[in-house]
Amino acid sequence: MNRKYDDLLPSPDPVSHRLRLISANWKMNLNHLEAIALVQKLYHLLRPEDFRYAEISIHPPFTSLRSLQLSFEADRMPFTLGAQNVSDQASGAFTGEVSAQMLAKLGVGYVIVGHSERRRLFGETSEEVARKAIAVQGTGMHPIVCIGESNDERRAGQTLEVLTHQLDPILSTYPAKDLDGVVIAYEPIWAIGTGESAEPEVVEETGMAIRHLLTERVGAETASRIRLQYGGSVNPGNAHEFMSLGDIDGLLVGGASLDADTFAMLVKSC
Ligand code: PGA
């Protein structure tokens, strides 16, 4: 059994005091055997200081959660298990759905809700996303709430309006005392999976605008504790720049997280 990272806990950013979070969103890729092989290689490539810099969450398809839970435990890998979706219902006749309780029982720490692919391809509304986030919170896990505008919306100058609309149901229904446990992932739709990440200036400006909106809605103290991730074509060449932006506390990484060498390089570059 490898115990070399047993005592490693990430340290908060010295300026923002927020814990950085780098999340690997594998989407519908890798079977459970490939998943185990990837995390083992990734663990081997990362150094203890990489785990001290940020918490690293791995979000495989549901079919790999149990395998990764066992791998993390057996080899004491300091990754946090994550999921990509959840039902807003607790249990019952909902064929094909997976509840927050089931995920929590597997040791999942973070659940992505409202990814733009789910909003666009599966018709998820912001109200449904808010219910999912609340279901996640109710079992002690953290939701990673994805928001982001389309190319047309950005060009029409509607970015902030769209983001406000997407966040509104969460901000008005989520238990206020737990809002600081929410992670918000800003993922402009036009930057996802395209290889064309947003310009750091755009992310900086939008991150500040989101923080400002949060401050107005939930007060400065809570707003200053909510973590913001950027996602959309993050790679080892641009990750550091996004991580150095004041309001950005982490990254949500799709394509570049599917290869252990690339993802390890990305984490180390931060
Ligand atoms: P990408 O995906 O890194 O492949 O652009 C990000 C995401 O969809 O979360």
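Tutor: Two strands pair if DSSP finds at least two bridges between them; strands (E, at least two residues) and helices (H or I, at least four) are DSSP runs numbered from the N terminus. This is a predicted model: local features need pLDDT of at least 70 and side-chain atom pairs pLDDT 80 or more, while totals for chains, interfaces and linings use all residues. Residues are numbered from 1 along each chain as its sequence is written, and side-chain values use heavy atoms, leaving out hydrogens and water.

Student: What makes strands β7 and β8 a pair?

Tutor: Three bridges join β7 (residues 227–231) to β8 (residues 250–253), and the cut-off is at least two, so they pair. They run parallel, with Q229 opposite G250 in β8.

Student: Which strands make up the closed barrel?

Tutor: Eight, in the order β1-β2-β3-β4-β5-β6-β7-β8, with parallel pairing. The twist averages 25 degrees from one strand to the next.

Student: How do you know that helix α3 packs on the sheet?

Tutor: Helix α3 (residues 65–75) touches β2 (55–59), β3 (80–83) and β4 (108–113), where contact means heavy atoms within 4.5 Å. Its direction makes about 170 degrees with that of β3, on a scale from 0 to 180 degrees between N-to-C directions. Helix α8 (residues 159–173) lies across β5 (142–147) and β6 (183–186), at about 150 degrees to β5.

Student: Why is the Y186 and Y230 pair called tilted?

Tutor: Rings of Phe, Tyr and Trp (its six-membered ring) pair if their centres lie within 6.5 Å; planes under 30 degrees apart are stacked, over 60 edge-to-face, the rest tilted. Here the centres are 6.5 Å apart and the planes at 55 degrees, so the pair is tilted. Y186 sits in β6 and Y230 in β7, so the pair ties together parts 44 residues apart in sequence. The whole structure has five aromatic pairs.
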